[in-house]
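Please look through the chain below before reading on.

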Amino acid sequence: MSNSKESISTQKVLQCVSFPPRGFSLGFFRKGSTPWIYSVPTIEFQILIMYIVTQLFHIPLKRLGFPKLASEIFAGLILGSTLLGRYKTYQETLFPLPSQSILGALSTFGYLLFLFLSGVKMDTSMTRKLGRRALVIGVLNHIVPLVTGMITIFALSSSFFQEGVPTLSPHIEVITIARTSFPVISFLLKDLGLLNSELGRLALSSALISDLFGLTINATGVLVYIGARNPLERAIKDAILLIFFIIVVIFVFRPLMIWVVKRTPEGKPVKDVYILLIVLAVLLSGIFSDWFEQTVLVGPLIFGLAVPEGPPLGSTLVDKLDPFASGFLLPIFVSLMSLRTNLSAINPSSSYTFANIILICVASISKILACLLPMLYCKMPLNDAAAISLIMSTRGVVDLAIYSFLRDTKIINQASFAFMVIATAVTAIFVQIMVRWLYDPSRKYAGYQRRNLRNSNKKLPILVCIHNQDNTAAILRLLEKSNPTRDFPIVANVLHLIELRGRASSVFISHQVQTKAISDVSYSENVILAFQGYERNNYGAVTIQAFTAISPCNLMHEDICTLALDVLASIIILPFHRKWAVDGSVEVEDHILRTLNSSVLERAPCSVGILVDRGQLRRSSSVRSSENVYSVAILFLGGNDDEEALTFAKRMAISGTISLTVIRLISKKDIDQVLDLDIIGDWKHSRSSWENVHYIEHHVNETTETALLVRSLVDDYDLIITGRRDNTHSPLTAGLEEWSEIPELGVIGDMLASKDLKTRASVLVIQQQQTAL
């Protein structure tokens, strides 16, 4: 029965096809015309139906934690010879061989660009800074499954080496299982949101080592295979051409890429002509790699490594090519490969099938143990060790492409190919679900001691976040008015946040440790110099520690919260997402920054302040040299957030260089109720000895009076401090929450940061720590 099916399949492959196929149809409604005999409408419909079926799977399955790769494979199996492809009319009408060939070539071009961009995103400088753990995982992760797989083949040789089974098929299966693909690991970590976690960085470093190690072994194996089947001179010629190609990439193309980067002014895009020449060079590298009998996909990957990662060149290439390659063509490539998978080729009762299952299980389990046991030896927690072991054993689109190439070249048969496709889908699903269950990044907050301003001592550790140069000036002005003295020093941890573009791995740089870290000078030089200058002007009163985090925008809050945890910060200062022009109008409104601020407010392990800068804070050259009186007001309604804001204002007032006014709003309905007696009483008692501190009470009858009072104060002060008061209900603000546009600032902060409010006063909104411990 199976032999008859194979003969029918062979006949289909050998059927005559006329090339080039006819392109555009005469129209769907034209009499006597059918669009299915023309390649363009047929290919368009194939792409459309693939995307529709993929989404029909992905929408429900993503709720269960399934990766999109699984939906793309399922879509191909449904549309292919496993199910619908069995019907001759369907096959000849919707998926005829000519259109499959054209679509296959187009999607393969997309995969070629994907591999090139994967090389662009790889940070090869990571290999010079790898820790021992990453090196051990990367090497063992490849060698151990390779050895155990070969032993299994030897033990089950009678089941593997049967008539009709290619001799190298089981060996190739082991080699592909042993390989760990850096792009696949990067995709998985991005989906899981772990790119900038400690576990994610370790996994990417290990994957880079394993991938480069595996690439070297595979290239060497191909040359050995060629030498064994052909004259030795042919293998030597291929080896010389491969070495020549690598040398040209390193010593010719790499300097040219650096030259392009130097010719591109900072902040300006790379010229289109350079992008076009690079794409042409990518295509030529594929042709050249075919000359030395490697696949056409090896050349683009090696060539991609020559491109400097990150902006401006690497990020420009990724921005221009990745949406088309990875977003459009790559899903077609995956679905088309699974569409050509025939699960009926697997004979469940044969010994070969049983031996294949054992081989895949042994190699996969040994691959997991190769990571798990060393990590447990290094005292890594069991859950974390299991998670990274699963991550390093996952499979994806790169593995599917290798299986497809091996099937097309008859190195593995259809049954082995079907086995490996199903194993890839099962592994991808299992790994993603299990890693989500095993690894929870928020566990780092467990047992963390509460950190806020009220519990801090004379030394104040602050974490300030910088997104651009405008933020630098505003933060420096605020620090100067926060009373840094030798008796009350400030440790300012400055975190420069940069969006991850043009690279696969996130980067965290401590400029106290890594003086020559990757591209750190070009990224953060101006920020570091500005804060170092401020530290020199206030020697002994201010300590600056500079950091740079390059990560995806949706994961930046993890870098902020982790650093706040590590440096024991009492408060995080974040810039507001709006930038005002000189005339008071809103110049820029960054919604990504607003989302980031909201994420930090939800997860921060300490207090958080959002600084709304209107450019009115005045700066002096040193802490005590300013003779101008700087006027600060604190609006106090009651609650933890307002108490935290009052504590920050008190620290600012200790030096006596600013004028501080504490404005307490009291509802007439609650006039007999004494709220926050201790902290307010302290101010009322001590203000007699603090000439620069003033205390005012306002009795408010209704919320409209609160709004009018707040608006009347904005022109009297340089800086207004208030608490966020999230989920704190008060008759003073009842009903105003419904009109609030910016909930992350609270009701009072929202009024002070309103677009309609024409004022030069800056605002600092503070929230006490809310993280559940």
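With which residue does Asp319 form a salt bridge? The partner is Arg501, and the closest N and O atoms of the two are 2.4 Å apart. A salt bridge here is a side-chain nitrogen of Lys or Arg within 4 Å of a carboxyl oxygen of Asp or Glu. Asp319 belongs to helix α14, while Arg501 sits in the loop between β2 (490–499) and β3 (507–510), so the bridge ties together parts that are 182 residues apart in sequence. Helices (H or I, at least four residues) and strands (E, at least two) are DSSP runs, numbered from the N terminus. Asp319 is partly exposed, at 39% relative accessible area, and Arg501 is also partly exposed, at 31%. The terms for exposure have these cut-offs: buried is under 20% relative accessible area, exposed is over 50%, and partly exposed lies in between (1.4 Å probe, protein chains only).

The model is predicted, so local features need pLDDT of at least 70 and side-chain atom pairs count only at pLDDT 80 or more, whereas totals for chains, interfaces and linings use all residues. Residues are numbered from 1 along each chain as its sequence is written, and side-chain values use heavy atoms, with hydrogens and water left out.

A search of the whole structure finds 13 salt bridges. Another of them joins the side chains of Asp211 and Arg179, at 3.3 Å from N to O. Asp211 is in helix α10 (residues 198–229) and Arg179 in the loop between α8 (169–178) and α9 (182–192), so this pair ties together parts 32 residues apart in sequence. Asp211 counts as buried because its relative accessibility is 4%. Arg179 is buried too, with a relative accessible area of 13%.

Helix α14 (residues 313–339) also holds Lys320. The side chain of Lys320 meets that of Asp272 in a salt bridge of 3.7 Å, N to O. This pair links distant parts of the chain, since Asp272 is in helix α12 (residues 272–291), 48 residues apart from Lys320. Lys320 is partly exposed, with a relative accessible area of 45%, whereas Asp272, at 55%, counts as exposed.

Arg179 returns in the surroundings of Asp399. Leaving aside neighbours within four places in sequence, Asp399 is in contact with Thr176, Arg179 and Val184, where contact means heavy atoms within 4.5 Å. Asp399 is placed in helix α17 (residues 397–408). This residue is buried yet has no salt bridge; Arg395, the nearest side chain of opposite charge, is 5.8 Å away. For charge, Lys and Arg count as positive and Asp and Glu as negative; His and the chain ends are not counted.

What lies on the surface? Ile243, Ile246, Ile247, Ile250, Phe251, Val252 and Leu256 form a nonpolar patch there, with about 650 Å² of accessible area together. Patches are made of residues with over 30% relative accessible area and no salt bridge; like charges are joined within 9 Å, and nonpolar side chains (Val, Leu, Ile, Met, Phe, Trp, Tyr) within 5 Å. Accessible areas come from the Shrake-Rupley method with a 1.4 Å probe, and for residues only the protein chains shown count as cover. Ile243 is part of helix α11 (residues 232–263) and counts as exposed because its relative accessibility is 51%.

For the chain as a whole, the secondary structure comes to 26 helices and 13 strands. Of its 773 residues, 54% count as buried. The accessible surface comes to about 35,500 Å², and 60% of this belongs to carbon and sulfur atoms. Among contacts between residues at least 6 apart in sequence, 81% join residues at least 24 apart.

Confidence is given by pLDDT, the predictor's value for each residue from 0 to 100. The chain has a mean pLDDT of 80, with 84% of its residues reaching 70 or more. The pLDDT is below 50 over residues 515–521, a stretch that has 13 contacts in the model beyond near neighbours in sequence.
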